[in-house]
Amino acid sequence: MVLRISLEKTVGENCSSIDDGMKVLRLISPELVKGFTVEVDFKGVSSLLTPFLSAFFGELLEHFGREVTMTHVVLRNVSDEFLPRIN
């Protein structure tokens, strides 16, 4: 089973706040605990700021570790501009 999260539909085209990042984290965490894969779609996202990245990816790595994050979180439609910031 794969949960698909559209960031544009979930938080809007601007992924900027800690609250936005925590919202996405709360949505996907239960699926990762179950061992499922989650797809995060960046289509339609026009801005991606550090508070969002810290709250989402930082907490994701802290709670689930690098291995689970890398193998169970699939990023879709990430622009060339955003990819270095995510990495």
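**Exercise 1. Which residues does E31 touch, not counting residues up to four places away in sequence?**

Step 1. Leaving out residues up to four places away in sequence, E31 touches L3, F36 and V38.

A word on the model before going on: it is predicted, so local features need pLDDT of at least 70 and side-chain atom pairs pLDDT 80 or more, while totals for chains, interfaces and linings use all residues. Numbering starts from 1 along each chain as its sequence is written, and side-chain values use heavy atoms, without hydrogens or water.

**Exercise 2. Is E31 buried or exposed?**

Step 1. Locate E31: helix α2, residues 18-33. Helices are DSSP runs (H or I, at least four residues) and strands likewise (E, at least two), numbered from the N terminus.
Step 2. Recall the cut-offs: buried is under 20% relative accessible area, exposed over 50%, partly exposed in between (1.4 Å probe, protein chains only).
Step 3. E31 counts as buried because its relative accessibility is 12%.

**Exercise 3. Where is I86, and what does I86 touch?**

Step 1. Find I86 in helix α4, residues 83-86.
Step 2. I86 has 14% relative accessibility and therefore counts as buried.
Step 3. Beyond four places in sequence, the contacts of I86 are F42, L48, L53, F57, L75 and V78.
Step 4. Now take T50: T50 and I86 lie 36 residues apart in sequence, with 9.3 Å from C-alpha to C-alpha.

Notes:
Contact means heavy atoms within 4.5 Å.
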